[in-house]
Amino acid sequence: LSDWSSDVCSSDLAPPPPPPPAPLNFRNPVAVRIALVVALSATVLFFLPYVNWLAAGYFAVFFYRRRTGCQLNMESGLRMGWMTGVIMYGIFATICIAFVVAMRMFGGIAALPAEVKSSVDPKVLESLKMLLNSGPQVVEQLVLTFFFVTCLSMVGGALGAKFAGSQKSGV
């Protein structure tokens, strides 16, 4: 009996290969969690519109690689950046739509106090009027914003796949 158990449990057996990484899509819980956290963080930095979208894709790949240990190729980096961009756009669109609905419910620009109207740039007030009164232009702007956010996040993801945490051996 001891001979049989030593044969089966010998150290000559190679450990099984690690399972292949889960595909990068919205069914991958690790990728979705990382994309959501990075998208929320980038949304807080809304005052840097183009930089934060690029950085979001880059850091989504960086954190995914760090969390899973998987080296991502360019296609996977693009996909991770796209996922992050879609989530960021969803957050942005929700905030914009809630703002427009709230402004319309409370009477629009006419309901703003005189102190606010006098302290705000007239161009901003004109933009707000356009935003509140023209539905098709708002939809057009939301569609363009979707393309900007997702494309720049994808570029950031591709850059992240190429450069973030690359393992270089040697000196």
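The legends below describe close-up views of a predicted model. Residues are numbered from 1 along each chain as its sequence is written, and side-chain values use heavy atoms, with hydrogens and water left out. Local features need pLDDT of at least 70 and side-chain atom pairs count only at pLDDT 80 or more, whereas totals for chains, interfaces and linings use all residues.

**Figure 1. The helices of the chain.** The chain has 7 helices and 0 strands; helices (H or I, at least four residues) and strands (E, at least two) are DSSP runs, numbered from the N terminus. Buried residues (under 20% relative accessible area; exposed over 50%, partly exposed in between; 1.4 Å probe, protein chains only) make up 30% of the 171 residues. Among contacts (heavy atoms within 4.5 Å) between residues at least 6 apart in sequence, 79% join residues at least 24 apart.

**Figure 2. The aromatic pair of Phe26 and Trp82.** Rings of Phe, Tyr and Trp (its six-membered ring) pair if their centres lie within 6.5 Å; planes under 30 degrees apart count as stacked, over 60 as edge-to-face and the rest as tilted. The structure holds 9 such pairs. Phe26 lies in the loop between helix H1 (2-8) and helix H2 (29-44) and Trp82 in helix H4 (residues 74-105), so the pair ties together parts that are 56 residues apart in sequence. Phe26 is partly exposed, with a relative accessible area of 41%, and Trp82 is also partly exposed, at 35%.

**Figure 3. The largest nonpolar core and the surroundings of Ala31.** A nonpolar core is a set of buried Ala, Val, Leu, Ile, Met, Phe, Trp, Tyr and Cys residues joined through side-chain atoms within 4.5 Å. The largest has 26 residues, and those touching the most other members include Leu24, Ala31, Tyr64 and Met80. Two or more residues of this core come from each of H2, helix H3 (49-68), H4 and helix H7 (135-163). Neighbours within four places in sequence aside, Ala31 is in contact with Leu24, Asn25, Tyr64, Met80 and Met83.

**Figure 4. A second, separate core.** This core has 6 residues, including Val100, Met103, Leu125 and Leu128.

**Figure 5. An aromatic cluster.** One aromatic cluster is formed by Tyr58, Phe59, Phe62 and Phe63.

**Figure 6. The position of Val44.** Val44 is found in helix H2. Its relative accessibility is 57%, which counts as exposed.
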